[in-house]
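The entries below follow the order in which I looked.

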Amino acid sequence: MNSIAKPVPRPSAESLPYWEGAREKKLLLQHCRSCGEFWFPPSAHCRRCLSQDFAWEEVSGHGRIYSFVVYHRNYHPAFEDELPYVVAIIELDEGPRLLSNIVGVPSQDVRCDLPVRAVFEDGGHGMMIPKFEICNGQW
Ligand SMILES: [Zn+2]
């Protein structure tokens with residue numbers, strides 16, 4: 001059993017709403033009121049039109065695996081018990097891509113383009129971590 005704590009996300013002023021949403025098991029992204037673009041990671045202006053007029057909105061949490069790697073080597077002692085684990089780029093239905101883990105299936109079952117949905121894991125210290133599980137198009 002591993003007693004070493006995992007690193008905890010430390011929200012910036014720009015990413016704080018994202019983490020507050022995660023705490024409520026909601027995936028929130030910035031949504032531009034000028035051009036309609038969703039974007040991630042958080043920033044002070046729209047990445048398409050540079051407008052600073054945006055709102056944080058809950059998105060579906062649905063997407064597809066754009067790319068992934070399987071970690072067989074341990075880079076942090078707190079993750080040793082989880083080897084092998086999957087680090088993936090998820091392309092959300094709303095467009096943005098984010099980096100996360102695929103959970104709930106053996107790593108050998110992970111494939112590019114499989115549909116996924118967000119789930120939230122307790123990261124300790126009051127933080128919930130958005131991760132993704134494979135779904136069969138049924139939600
Ligand atoms: Zn925009």
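This is a predicted model: local features need pLDDT of at least 70, side-chain atom pairs count only at pLDDT 80 or more; totals for chains, interfaces and linings use all residues.

**Entry 1**

I began with Cys49, which counts as partly exposed because its relative accessibility is 34%, between the cut-offs of 20% and 50%. I then checked Cys46 and found it buried, with a relative accessible area of 0%.

**Entry 2: the three-stranded sheet**

I next listed an open sheet of three strands, with the order β2-β1-β3 and antiparallel pairing. Its edge strands are β2 (38–39) and β3 (54–58), each pairing on one side only. Strand β1 covers residues 28–32 and pairs with β2 over two bridges, in the antiparallel sense. For one bridge I looked up the partner of His31 and found Phe38 in β2.

In the loop between β2 and β3 I found Pro41. The peptide bond joining Phe40 and Pro41 is cis, with omega of about 5 degrees.

How many bridges join β4 to β5? I count eight in the list for strand β4 (residues 62–71) and β5, and the two run antiparallel. Arg64 stands opposite Glu91 in β5. Strand β5 (residues 85–92) has six of its eight residues buried, so β5 is largely enclosed by the rest of the structure.

I also looked at the loop between β4 and β5, where Pro84 has its place. The peptide bond from Leu83 to Pro84 is cis, and its omega is near -10 degrees.

β5 pairs with β6 as well, over six bridges in the antiparallel sense. Here Val87 stands opposite Asn101 in β6. β5 and β6 make a hairpin with four residues between them, and Gly95 in the turn has a positive phi of about 120 degrees.

Past β6, I checked Asp113 in the loop between β6 and β7. Asp113 is not a glycine, yet its phi is positive, about 80 degrees.

Is the pairing of β6 and β8 parallel or antiparallel? I find it in the parallel sense, over two bridges. The bridge partner of Ile102 is Phe132 in β8. β7 and β8, in turn, run antiparallel and are joined by eight bridges. Gly124 stands opposite Met127 in β8. As for burial, six of the eight residues of β8 are buried, so β8 is largely enclosed by the rest of the structure.

β7 and β8 form a hairpin with two residues between them. His125 is exposed, at 71% relative accessible area. Gly126, also in the loop between β7 and β8, is partly exposed at 45%. Gly126 and Lys6 are 120 residues apart in sequence, and their C-alpha atoms are 13 Å apart in space.

In the segment after β8 I noted Cys135. Cys135 is buried, with a relative accessible area of 4%.

**Entry 3: the largest pocket**

Last, I looked up the largest pocket, whose volume is about 690 Å³. Its lining holds 26 residues, and Pro7, Pro9, Trp19, Ile129 and Lys131 lie nearest its centre. The elements giving two or more residues to that lining are α1 (16–23), β6 (97–103), β7 (115–124) and β8 (127–134). By class, I recorded 15 nonpolar, seven polar and four charged residues in the lining.

Conventions: Residues are numbered from 1 along each chain as its sequence is written. Side-chain values use heavy atoms; hydrogens and water are left out. On a 1 Å grid over the protein atoms alone, a cavity is a set of points where a 1.4 Å probe fits but cannot get out, and a pocket is an open set with protein on both sides within 12 Å along at least five of seven lines; lining residues have an atom within 4 Å of a point. Grid points are joined across faces, edges and corners, and a volume is the space filled by probe spheres set on the points. Ala, Val, Leu, Ile, Met, Phe, Trp, Tyr, Cys and Pro count as nonpolar, Asp, Glu, Lys and Arg as charged, and the others, Gly among them, as polar. Buried means under 20% relative accessible area, exposed over 50%, partly exposed in between (1.4 Å probe, protein chains only). Two strands pair if DSSP finds at least two bridges between them.
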